[in-house]
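Thanks for making the time this morning.

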Amino acid sequence: MDLSKTEFIGYYQTVCLNGHQQDALIEKLNVNHDYGFCKLCGEKIIDSCPNCGSFFIGFNDRTIAYKEPIPKYCYNCSKALPWTIKELQSFNELLDLEEQLSDEEKDKIKSYIPDLMEESPTTEINASIVKVYISKASKDIGALIYNFLVDTVSETARKILTGS
């Protein structure tokens, strides 16, 4: 559903380019304004996908108390949002520091990470595979990779990685 073209009952949200949610109660009349910069990090605040222009869904009138989480990918065009791209780049740099994994193993882990960030039919299996690979990593880098993933991935993947 493209919110830039259809009627949506609810509010939109604003998020800075580093992924800090600013407001989840932006009314339709107020979207596409200059929101300034994030008070936490100083990055520009946006309300829509830079690729297709679809607005980020915020508070929903139909569900009363539900606020959409910060999206990682655009629901309309499926492109990674700026903060997700930064997360993936940081993760790849961290993984490249690991010397106990082969380049092939690192490439496999990198290919699974986008799937672990959102729920999909293969999230559970791919999280299990990544968990096995991480167990082969050195203690220090392996712990950093594990902590990064637990903070970044979907709830299903987090449960697999943590064993809870």
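This is a predicted model: local features need pLDDT of at least 70, side-chain atom pairs count only at pLDDT 80 or more; totals for chains, interfaces and linings use all residues.

Over which residues does pLDDT stay under 50, and how many contacts beyond four places in sequence does the model have for them? The stretch in question is residues 1-6, and for these residues the model has 15 contacts beyond four places in sequence. For the protein as a whole, the mean pLDDT is 86, and 87% of the residues reach 70 or more.

Let me turn to the overall layout. The secondary structure comes to five helices and four strands, and if you follow the chain from the N terminus, the elements run β-β-β-β-α-α-α-α-α. The protein has 164 residues, of which 40% count as buried. Looking at contacts with a separation of 6 or more, 55% are accounted for by residues 24 or more positions apart.

What I would point out for Ser 78 is its backbone: phi is positive, at about 70°, although the residue is not a glycine.

The opening pair is H1, residues 82-96, with H2, residues 103-117, which pack at an angle of about 155° with their axes 11 Å apart. Because angles over 145 degrees count as roughly antiparallel, that makes H1 roughly antiparallel to H2, and H1 passes H2 in a right-handed crossing. On the H1 side the contact is made by Thr 84, Glu 87, Leu 88, Phe 91, Asn 92, Leu 95 and Asp 96, and on the H2 side by Lys 106, Ile 109, Lys 110, Ile 113, Pro 114 and Met 117.

With a relative accessibility of 18%, Leu 88 counts as buried, the cut-off being under 20%. Leaving aside neighbours within four places in sequence, Leu 88 is in contact with Tyr 73, Ile 113, Pro 114 and Met 117. The C-alpha atoms of Leu 88 and Lys 110 are 8.4 Å apart in space, with the two residues 22 apart in sequence.

H1 also packs with H4, residues 139-152; their axes come within 10 Å and cross at roughly 165°. H1 and H4 are therefore roughly antiparallel to each other, but here H1 passes its partner H4 in a left-handed crossing. The residues making this contact are Glu 87, Phe 91, Leu 94 and Leu 95 from H1, together with Ile 141, Leu 144, Ile 145, Phe 148, Leu 149 and Thr 152 from H4.

Within H4, consider Ile 145, which is buried, with a relative accessible area of 1%. Beyond its neighbours within four places in sequence, Ile 145 is in contact with Phe 91, Leu 94, Leu 95 and Ile 134. The C-alpha atoms of Ile 145 and Leu 95 are separated by 6.9 Å, although the residues are 50 apart along the chain.

The remaining pair is H3 with H5, residues 155-162, packed at an angle of about 35° with axes 9 Å apart, and H3 passes H5 in a right-handed crossing. Here Thr 123, Glu 124, Ala 127, Ser 128 and Lys 131 in H3 meet Thr 156, Ala 157, Ile 160 and Leu 161 in H5.

Is Thr 123 buried or exposed? At 1% relative accessibility, Thr 123 counts as buried; this residue lies in H3, which spans residues 123-135. A polar atom of the Thr 123 side chain lies 3.3 Å from the backbone oxygen of Asp 115. Apart from neighbours within four places in sequence, Thr 123 is in contact with Asp 115, Leu 116, Glu 118, Ser 154, Thr 156 and Ala 157.

Ile 125, also found in H3, is exposed, with a relative accessible area of 55%. Between Ile 125 and Ala 157, 32 residues apart in sequence, the C-alpha to C-alpha distance is 8.8 Å.

Notes: Residues are numbered from 1 along each chain as its sequence is written. Side-chain values use heavy atoms; hydrogens and water are left out. pLDDT is the predictor's confidence in each residue, from 0 to 100. Contact means heavy atoms within 4.5 Å. Helices (H or I, at least four residues) and strands (E, at least two) are DSSP runs, numbered from the N terminus. Buried means under 20% relative accessible area, exposed over 50%, partly exposed in between (1.4 Å probe, protein chains only). A polar contact is a pair of N or O atoms within 3.5 Å; within protein, one must be able to donate a hydrogen and the other to accept it, and residues adjacent in sequence count only if both atoms are side-chain atoms. Axes are lines fitted to C-alpha atoms, for helices over the stretch in contact, and angles run from 0 to 180 degrees between N-to-C directions. Angles under 35 degrees count as roughly parallel, over 145 as roughly antiparallel, 65 to 115 as roughly perpendicular and the rest as oblique. A crossing is left-handed if the near helix is turned anticlockwise from the far one by less than a right angle, and right-handed if clockwise.
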